[in-house]
Amino acid sequence: MTKKIVNGELVDLTAEEQTAFDNQPGDTEEKQLQRKINEQVRLPREQLLKDSDWSQLSDNGLSSTKKTEWQTYRQELRDLPSTISSKEDIADLAYPTKPE
């Protein structure tokens with residue numbers, strides 16, 4: 001199910017919204033794939049990046065090793081959309097593991 005952001009929270013589209021999203025006139029398969037990537041990958045990824053912004057502040061109290069782990073995690077999040085070339089890739093997508 002496709003998500004949207006409402007008041008800073010990810011929520012599922014209603015059935016009507018999902019139908020409208022899936023059936024936009026004049027869509028090519030490429031446009032449909034890009035829209036699914038935007039909605040199902042980029043929006044959740046952006047939230048995960050926002051949730052981890054604190055880890056890159058200079059006064060966060062993390063050791064240099066931990067800060068590097070967070071930098072790697074954030075880079076892996078940014079790289080996610082480039083790993084997708086089909087709808088199946090979206091279904092099988094695994095987000096990187098957040099450092100402890």
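These legends walk through several close-up views of one predicted model.

Residues are numbered from 1 along each chain as its sequence is written, and side-chain values use heavy atoms, with hydrogens and water left out. Because the model is predicted, local features need pLDDT of at least 70 and side-chain atom pairs count only at pLDDT 80 or more, while totals for chains, interfaces and linings use all residues.

**View 1. The largest nonpolar core.** Welcome to the largest nonpolar core, which has 10 residues: Leu 33, Ile 37, Val 41, Leu 49, Trp 70, Tyr 73, Leu 77, Leu 80, Ile 84 and Ile 90. A nonpolar core here is a set of buried Ala, Val, Leu, Ile, Met, Phe, Trp, Tyr and Cys residues joined through side-chain atoms within 4.5 Å. Buried means under 20% relative accessible area, exposed means over 50%, and partly exposed lies in between (1.4 Å probe, protein chains only). Helix H2 (29–51) and helix H3 (64–79) each supply at least two residues of this core, and H2 gives the most, with 4 residues. Helices (H or I, at least four residues) are DSSP runs, numbered from the N terminus. In soluble globular proteins, nonpolar side chains tend to be buried together.

View 2. H3 has 16 residues and reaches 22 Å from its first C-alpha to its last, close to the 22 Å expected at 1.5 Å a residue; the expected span is 1.5 Å times one less than the number of residues. Which residues of H3 are buried? They are Trp 70, Tyr 73, Arg 74 and Leu 77. These residues cover an arc of only 95 degrees around the axis, which puts them on the same side of H3. The arc is that of the directions from the helix axis to the C-beta atoms. What covers the buried residues includes H2, while Ser 64 and Thr 65 are exposed on the other side of H3.

**View 3. Trp 70 and Ser 52.** Not counting residues up to four places away in sequence, Trp 70 touches Ser 52, Trp 54, Ser 55, Gln 56, Leu 62, Lys 98 and Pro 99. Contact means heavy atoms within 4.5 Å. Ser 52 is found in the loop between H2 and H3 and is buried, with a relative accessible area of 1%. Leaving aside its neighbours within four places in sequence, Ser 52 is in contact with Trp 70, Tyr 73 and Arg 74.

View 4. Arg 74 forms a salt bridge with Asp 53, the closest N and O atoms being 3.1 Å apart. Arg 74 lies in helix H3 and Asp 53 in the loop between H2 and H3, so the pair ties together parts that are 21 residues apart in sequence. A salt bridge is a side-chain nitrogen of Lys or Arg within 4 Å of a carboxyl oxygen of Asp or Glu; by this rule the count comes to 4. Arg 74 is buried, at 12% relative accessible area, whereas Asp 53 is partly exposed, at 38%.

**View 5. Two further salt bridges.** The side chains of Arg 45 and Glu 46 meet in a salt bridge (2.4 Å, N to O). Arg 45 is buried, with a relative accessible area of 10%, and Glu 46 is partly exposed, at 32%. Lys 66 forms a salt bridge with Glu 69, the closest N and O atoms being 3.2 Å apart. Being 3 residues apart in helix H3, Lys 66 and Glu 69 are separated by about one helical turn. Lys 66 is partly exposed at 27% relative accessibility, and Glu 69 is partly exposed at 32%.
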